[in-house]
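Biologist: Could you walk me through this one? I'd like to go through it piece by piece.

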Amino acid sequence: MRGTSILSIYFRIVGIVLAGFNTSLSAQNTVITADSITAQELDAVVVSATRTQRQMSSLPMPTQFIPQKEIEAINAIRLTDLLEEQTGLITVADFGGGQGVQMQGLDSQYTLVMIDGVPLIGRSAGTLDLSRVTVGNIKQIEIVRGASSSLYGNEALGGVINIITENPRPGKKTRFDYRGGSFNTHDLRAQYTDNNLVDEWSIFVNRLSSDGYDLLETDDLRTVEPYTNYTAQVKYKGDLNQWTQMQVSGRYYHQNQDYTASSTLAGASDINEFNTTLNLSRTPLEHWTQEIEWYTTRYMASESLNNPDGSAFSQSDFDQWFSRPELRLKRVSDSSGTWIGGLGLTYEQLKRTDFFGTPEFYAPYAYLQYDNQITEKLNLVAGARYDLHSAYASQFSPKLAMRYVLTDKISLKTSLGYGFKTPDFRQLYFDFTNSTAGYTVLGYNAVSVRLPELQASGAILNVSVPLENFEDPLRPERSLALNFGIDFKFAPQVKWNVNLFRNDIKDLIDTRVIAQKTNGQNVFSYYNVNRVFTQGLETDFTARINPSLKFSMGYQYLIAKDKDAQKAFNNGEVFGRLSPSSPVFRLKANDYLGLVNRSRHTANAKVFFDLPRWDMDGSVRGTYRSAFGLFDTNGNSYLDKYDDLVSPFAIFDFSLNKALGKKFRIGAGIDNFLNYTDPGRLTNLPGRLIYASLTFKTK
Amino acid sequence: MKKQVLLTLGMIGIFTITSCSKEDSNPPEDNQNDSILVSNLHAPQETDYTQNPPAASGAFVKFDFSGGAITTSDTDWDIAFRGTSIIVNGGSSSGIVDAPERTGNAGAYIVDGIFDEISSINTGAFAQDGPGGLAIPTGSGNGWYNYDPNLLAIYPIPGKVIVIRTADNKFAKVEILSYYKDAPAVINEQIALNDLRYYTFNYVYQDDAAASGF
């Protein structure tokens with residue numbers, strides 16, 4: 001009910017705001033620039049790094065972008081298809097079947113994922129499932145590495161991924177895409193855009209269905225259950241008057257998936273997600289832009305299981321609201337630099353099964369950033385953001401970035417910034433007792449009420465962490481990120497960049513046992529403990545050998561370790577044993593492998609080619625991951641080199657497309673050609689995928 | 001005699017060579033210990049899932065170090081096993097149901113180290129069972145095991161040595177090697193599900209109550 005009232009308030013305020021602006025539409029022409037692909041690649045303009053339009057090659061922070069051309073060349077259908085091929089980005093399977101992305105060695109919950117500059121929500125278990133995002137209507141994907149909380153606040157520790165949806169080109173255009181392939185997977189998309197130079201409309205719908213797959217035939221469960229999902233997006237942009245532009249967009253996502261828990265328990269899981277954004281921007285004076293943006297999103301997930309006789313066994317619901325009005329002011333001038341400032345409020349609410357109450361967060365914030373070309377050769381971006389929070393200590397996140405042009409072929413860049421992530425609702429308000437094993441998990445804020453209740457009911461044997469330890473609030477996880485890079489430009493189309501990074505994270509939140517129960521199980525809760533660092537090198541080499549052949553290579557070297565674990569190894573406090581029949585031995589400092597699911601070496605190589613004579617284009621791509629561990633397998637709770645690791649592997653993908661006249665395009669491809677799988681461990685690798693695609697578009 | 005010495009030296013030589021030629025990932029072999037191995041001590045437990053939270057119950061399996069075997073005696077036992085819980089015959093009830101009455105003066109503490117190298121006994125460190133918890137704490141990472149939620153498996157933590165004062169004030173040190181039947185080197189899902197609650201452990205018994213070490 002609360003949600004409805006928020007929606008009505010939202011629309012009421014939208015109405016007031018709209019009335020405040022002069023609503024007479026004017027027929028002012030907007031300048032349309034030709035969106036040629038080569039121009040795109042030569043001079044890519046990105047918005048995510050500074051929240052202003054900047055030429056990517058001139059930015060002082062490590063920034064990358066994936067153009068639509070590449071999305072089409074590899075026939076990608078989901079965001080994960082694209083991200084897993086980028087240097088240093090690893091898609092990681094979540095136990096819920098979703099897939100997140102690891103960036104600079106930081107887990108997926110530490111990367112902010114946005115669509116058109118506003119965040120996606122729905123991290124029911126920490127990971128945001130990126131396979132839920134269709135790439136059908138995407139203009140480009142922008143990736144900013146390194147902590148970016150100075151602009152974006154919460155979650156932007158490892159970096160930012162911003163998905164920029166397409167803006168209509170002049171005229172009325174219709175487009176249909178279909179891709180069908182292995183596992184009975186069908187992806188159908190339809191898009192209509194209308195840009196009459198006064199206003200712009202676009203409508204996009206997508207349906208994706210798949211039988212899923214089963215990597216382990218021996219058990220009763222499928223690795224990924226059959227699913228069907230729908231995405232619909234509507235976007236409108238128009239001028240309210242000669243100074244004011246309005247943009248409204250709405251997105252809806254729905255997924256229905258089978259859910260089987262055992263041979264006797266089966267049911268379904270449902271996801272419904274809504275996003276709406278209203279953006280008004282006006283230029284009251286020369287150099288000045290004013291923007292009001294109001295974003296509201298709701299993510300609902302429910303899972304139900306039924307007994308064989310049809311009676312309900314369990315039902316769990318997740319319903320999250322997120323709403324954020326923001327006011328932005330921008331001053332752009334060639335002489336005195338670009339200033340951007342923002343003022344906003346984030347409201348969040350979550351209703352969830354097994355939760356202690358219905359928590360709400362209020363978090364007002366303000367940020368300011370200054371970006372200037374200090375000298376001809378030195379660009380400086382300095383910014384800071386201050387976040388207040390109804391449940392945590394306030395956060396101050398400064399950032400400084402500089403780029404220096406050494407010669408016309410070499411430039412140096414460096415950035416230093418803070419990032420933070422506030423504890424999520426689960427870490428604070430979870431109140432869950434496992435019905436089969438009998439253990440209990442309590443959110444940090446639920447402990448002081450629920451633990452005494454459990455004690456009173458006689459369920460607690462003894463308390464190992466006294467309640468006094470829960471008086472101070474759980475602290476946000478914080479990071480300090482340093483990036484230093486060199487860009488080489490050997491020729492206009494031959495580029496090489498190297499970036500060294502280091503992220504120091506403190507107050508990482510982990511679980512610990514706080515009490516023992518009379519049933520022999522434990523009560524767990526969350527606490528700030530770990531100090532972790534990730535450091536390494538990422539490098540990309542790109543060469544366009546001729547207009548129809550582009551070659552690229554990327555590599556990342558990564559070390560990601562827990563500082564306390566490192567200390568335990570250094571002190572000789574960690575032991576190992578090869579098997580129950582062999583003796584225990586003391587592990588050495590260099591036996592420690594670090595955090596789970598981190599490969600020391602990852603690499604990729606890609607060739608994109610055009611065959612103009614046959615109207616064809618295509619690609620050959622390979623990605624490599626060196627060995628990594630997913631969990632401790634020898635009982636000492638640390639990942640060491642005697643653990644059972646996932647062996648190094650490589651994945652190769654091919655695609656080939658052909659244009660048939662100006663309206664049709666057909667394509668085919670094979671993903672994971674070598675059919676690499678690791679059943680039971682890498683659940684997001686289904687094996688070889690063969691597909692064919694068809695596109696129809698009006699000119 | 002000389003021949004024997006030569007043979008021994010030769011054996012050591014071969015052993016050293018094979019050790020050296022082994023890959024870096026193989027730890028040094030240790031073949032010296034006078035410990036006694038107990039295999040497949042079955043410690044079943046019943047769990048009533050109809051209750052929320054589920055309740056564990058069932059008789060504990062008692063072990064006596066001086067006899068070196070399991071026992072049904074009500075008094076002549078030192079430690080007792082049920083599921084992952086290990087109780088000592090000393091102190092008072094911790095509240096666990098079906099636990100035998102403690103009649104002796106047993107105690108225990110856990111020390112980190114290599115089993116053979118643990119030679120001293122810290123008589124001030126012994127704890128006994130009581131309402132505040134067990135002398136050998138339960139729970140993943142607290143006592144002798146880690147729980148792998150992925151495989152639902154129990155792994156004894158390498159380097160955890162349980163030093164015990166027996167019910168009659170003698171001593172023992174114990175190293176738990178496996179929680180699964182026949183101590184398999186690799187635990188898979190089938191083993192984790194079906195072959196659990198079979199203890200394999202090493203112990204050294206010190207029958208001198210005045211001793212300060214093993």
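Biologist: How many residues does the contact take from chain A and from chain B?

Modeller: Bear in mind that this is a predicted model. Counting each side of the contact, chain A puts in 34 residues and chain B puts in 36 residues.

Biologist: Which strand gives the most to the side of chain A that touches chain B?

Modeller: There are four strands of chain A that supply at least two residues each: S25 (460–463), S27 (494–517), S30 (575–576) and S31 (585–586). With three residues, the one that gives the most is S27(A).

Biologist: And how do the residues on that side of chain A divide into nonpolar, polar and charged?

Modeller: Take the side of chain A that touches chain B and sort its residues by type. You get five charged, eleven nonpolar and 18 polar.

Biologist: Is A:Lys662 buried or exposed?

Modeller: A:Lys662 sits in the loop between strand S34 (649–660) and strand S35 (664–671) of chain A. A:Lys662 has 10 inside 10 Å, so it counts as exposed.

Biologist: Which residues is A:Ile71 in contact with, leaving aside its neighbours within four places in sequence?

Modeller: The largest nonpolar core has 59 residues, and A:Ile71 is one of those touching the most other members. Beyond its sequence neighbours, the contacts of A:Ile71 are A:Ile66, A:Ala76, A:Leu82, A:Val135 and A:Ile138.

Biologist: How many residues are in the second, separate core?

Modeller: That core includes B:Phe60, B:Val88, B:Ala106 and B:Ile121. Its total is 54 residues.

Terms used
Residues are numbered from 1 along each chain as its sequence is written. Chains are lettered from A and ligands numbered from 1 in the order in which they are written. This is a predicted model: local features need pLDDT of at least 70, side-chain atom pairs count only at pLDDT 80 or more; totals for chains, interfaces and linings use all residues. Two residues are in contact if their C-beta atoms, placed from the backbone, lie within 7 Å. Ala, Val, Leu, Ile, Met, Phe, Trp, Tyr, Cys and Pro count as nonpolar, Asp, Glu, Lys and Arg as charged, and the others, Gly among them, as polar. A residue is buried if 20 or more other C-beta atoms lie within 10 Å of its own, exposed if 12 or fewer, and partly exposed in between; C-beta atoms are placed from the backbone. A nonpolar core is a set of buried Ala, Val, Leu, Ile, Met, Phe, Trp, Tyr and Cys residues joined through C-beta atoms within 7 Å.
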